[in-house]
Amino acid sequence: MAENEPVNVNRETGGPPEWLTLALECQPLDVRGLLAEGIDPFAAVMEAAAPIEFGGSLVIDAPFNPSPLRRILAGRGFSSYGRKLSEGHWRVFFHLDGGADWEKGADVEVMPEGAMTWREEDGIHIDVRKLTPPNPMLSIIRLIEGIEGDETVVVHHEREPHFLAPELAERGWRIARTSTEVVNVRLWLERAR
Amino acid sequence: MFPGSLMMGAKDRLLPLSVPYRFFATAVVFHIAAWLVLALAGPDLSMGFRGGQGWVLAGLHLVTLGTLAMTAMGAGIQLLPVSTRRQLGPVWACRLVYWLFAPGVALFAVGLGLPMAGLQHAGATLSIAGMAVFGGLVAGNLRKVDDLPGVTRHAWMAVASLVLLAGLGLLLVIDFTSGILPDHGAIAAAHAVLAGYGFMGMLALGFATVLIPMFILGPAVADAPIRRSALFSGLGLAAGTLGAAFALPLVAAAGIALGLVGLGLYLRAMQPCMKNRMKKRLEPFFRLVWVALVLLPLGLLVALALTLGAPADPWGTLWGFLLVFGWLLSFVTALLQRIMPFLASMHSSSLGGKPALLSHLAPKLPVDIHLACHSAALVLIGLGIVGGWAWPVRLGLYAGLAGSIAFGVFAYLVFRRYRSHMKAAAAAANQGD
């Protein structure tokens with residue numbers, strides 16, 4: 001697995017968990033091809049996760065940080081640790097250990113509503129996919145209300161959040177641009193000038 | 001990568017603003033017309049109202065169909081597809097609903113007021129056709145939804161109630177001229193139960209589980225307690241309707257008791273959302289929500305007293321008044337005063353540039369006046385009905401009319417401010433070219 005060791009690692013806060021050495025032995029399941037074809041790879045990932053026994057690992061290569069998947073697998077006892085290897089390439093390691101305190105020491109922070117946040121070069125990312133409405137809006141507003149500078153917030157959403165724009169405007173923020181990919185609508189939020 | 005992820009065209013779900021707004025504008029006009037008709041009919045007719053054709057029944061239907069149902073339809077066609085993330089149907093079908101329903105309500109109201117059977121039949125046919133298209137659109141949307149049970153259970157009950165109330169409504173209209181019903185009053189009561197608690201009530205409570213958390217920035221309402229609440233409310237509605245239709249007071253009483261339990265469960269389910277909301281200071285629209293939420297159980301208690309033997313005069317009239325004007329009209333005008341600027345703000349960045357601020361679009365003075373007048377109308381008319389006094393009813397009717405005019409001014413100002421914003425945005429976009 002030495003050739004799989006990421007070279008251009010952009011790791012976020014916190015050090016890697018101890019179980020990572022075990023997970024590095026696994027062959028990654030690359031779902032980028034499926035997503036490029038417009039196919040939701042959720043079933044393939046669940047199929048791969050189903051036979052894993054306690055103490056076993058699963059590695060997923062995805063074009064973005066698959067935060068909702070990490071939440072769902074955490075509910076099934078998987079701890080996870082993600083690394084951005086390059087632009088459009090994330091590798092996420094899953095380890096079946098009960099998932100207790102899985103977010104502690106991980107590379108992301110989990111907000112009260114369940115949204116995940118992490119920091120990248122282009123700003124603070126927040127993933128609100130699969131949250132029950134209006135929790136996505138709450139998480140985003142909670143995040144921007146805590147930002148003091150001119151930092152950009154990158155939102156990972158399942159859809160264009162129409163109801164968000166008026167609340168953002170009320171707080172002096174705006175949606176600067178939007179990109180739509182399969183299962184990942186990204187919004188770049190900035191302070192309105 | 002996630003179950004049920006649907007990347008349908010999000011823009012397709014946002015209708016042109018003119019589509020929901022024509023429903024809202026018409027609802028505002030019918031709101032004024034309803035109070036005007038009731039004020040002109042005078043307190044004697046309103047206090048003694050036990051059903052039957054005439055201007056009081058016309059005014060009542062201008063509120064129920066013209067204001068309440070019209071608003072529910074306008075809000076439904078826009079908010080349901082955005083909330084459920086599934087398309088409602090083609091825009092032309094939404095426009096068709098309006099073009100069938102709005103003239104239908106106007107004709108029906110005039111037909112009831114004069115009274116003229118031909119106008120009644122034409123109006124009822126058009127209104128029912130509009131409701132049928134709307135019901136079909138909503139049912140089609142709900143069939144695709146499996147991840148928003150809180151809204152969908154209530155909405156399904158609303159659709160079922162719509163079908164039944166439209167059928168009973170048609171029978172009642174025919175009965176005015178043909179006398180086909182053995183007990184017109186009982187069927188009218190069942191029609192009122194289905195309309196007030198079934199179609200409008202379920203739709204209002206269902207939408208509120210999405211809209212209230214969104215407007216006050218509270219956490220999502222848990223599904224399990226809403227499911228329990230929907231079960232009790234549904235059973236209560238069924239028993240209440242049967243009890244009213246077949247004049248079975250004990251069955252109706254059981255229905256009301258179940259409804260009260262359902263309401264209690266509903267309010268308890270909403271409590272964590274209220275408690276943990278981010279907007280600690282509630283917006284002005286919420287004052288009317290409080291009024292509505294107090295008068296809904298009060299109306300149910302009056303209905304319970306009726307089933308246990310309280311005289312229909314004045315308690316029957318009071319029950320109808322609390323149901324239509326106290327609970328539903330308060331709740332609908334509350335949501336309308338929040339939805340109208342909200343939708344306008346959502347659309348205001350369509351030409352690029354900054355969206356219009358909600359706080360700028362929504363003037364406060366007209367809604368303050370509306371709240372004061374509407375509350376005064378509720379108190380004065382309620383007192384007048386109970387005490388059998390004409391003068392508070394007369395004052396209350398004038399207060400209601402003044403409140404509806406203030407609400408009309410609010411709606412006009414929201415639209416004018418939106419238009420000004422769009423003109424400025426268009427000018428800025430042209431300069432940019």
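Reply: Let us begin with burial. A residue is called buried if 20 or more other C-beta atoms lie within 10 Å of its own. The model shown is predicted, and in chain A buried residues make up 38% of the 193 residues.

Me: Which helices and strands does chain A have, by number?

Reply: Chain A has six helices and 10 strands. Of its contacts with a separation of 6 or more, 61% join residues 24 or more positions apart.

Me: How is chain B divided into domains?

Reply: Domain bounds come from an automatic or database assignment. For chain B, this gives domain 1 (11-312) and domain 2 (313-433). Their centres, taken over C-alpha atoms, are separated by 18 Å. The contact takes 51 residues from domain 1 of chain B and 46 residues from domain 2 of chain B.

Me: Which element gives the largest share of the side of domain 1 of chain B that touches domain 2?

Reply: Helix H2 (18-47) of chain B is one of the elements that give two or more residues to this side, and its share, 15 residues, is the largest. By class, this side of domain 1 has 38 nonpolar, nine polar and four charged residues.

Me: Why does B:Ser345 count as buried?

Reply: B:Ser345 counts as buried because it has 26 C-beta neighbours inside 10 Å. B:Ser345 lies in helix H11 (residues 312-347) of chain B. Not counting residues up to four places away in sequence, B:Ser345 touches residues including A:Pro166, A:Ala169 and B:Leu358.

Technical notes: Residues are numbered from 1 along each chain as its sequence is written. Chains are lettered from A and ligands numbered from 1 in the order in which they are written. This is a predicted model: local features need pLDDT of at least 70, side-chain atom pairs count only at pLDDT 80 or more; totals for chains, interfaces and linings use all residues. Two residues are in contact if their C-beta atoms, placed from the backbone, lie within 7 Å. Helices (H or I, at least four residues) and strands (E, at least two) are DSSP runs, numbered from the N terminus. Ala, Val, Leu, Ile, Met, Phe, Trp, Tyr, Cys and Pro count as nonpolar, Asp, Glu, Lys and Arg as charged, and the others, Gly among them, as polar. A residue is buried if 20 or more other C-beta atoms lie within 10 Å of its own, exposed if 12 or fewer, and partly exposed in between; C-beta atoms are placed from the backbone.
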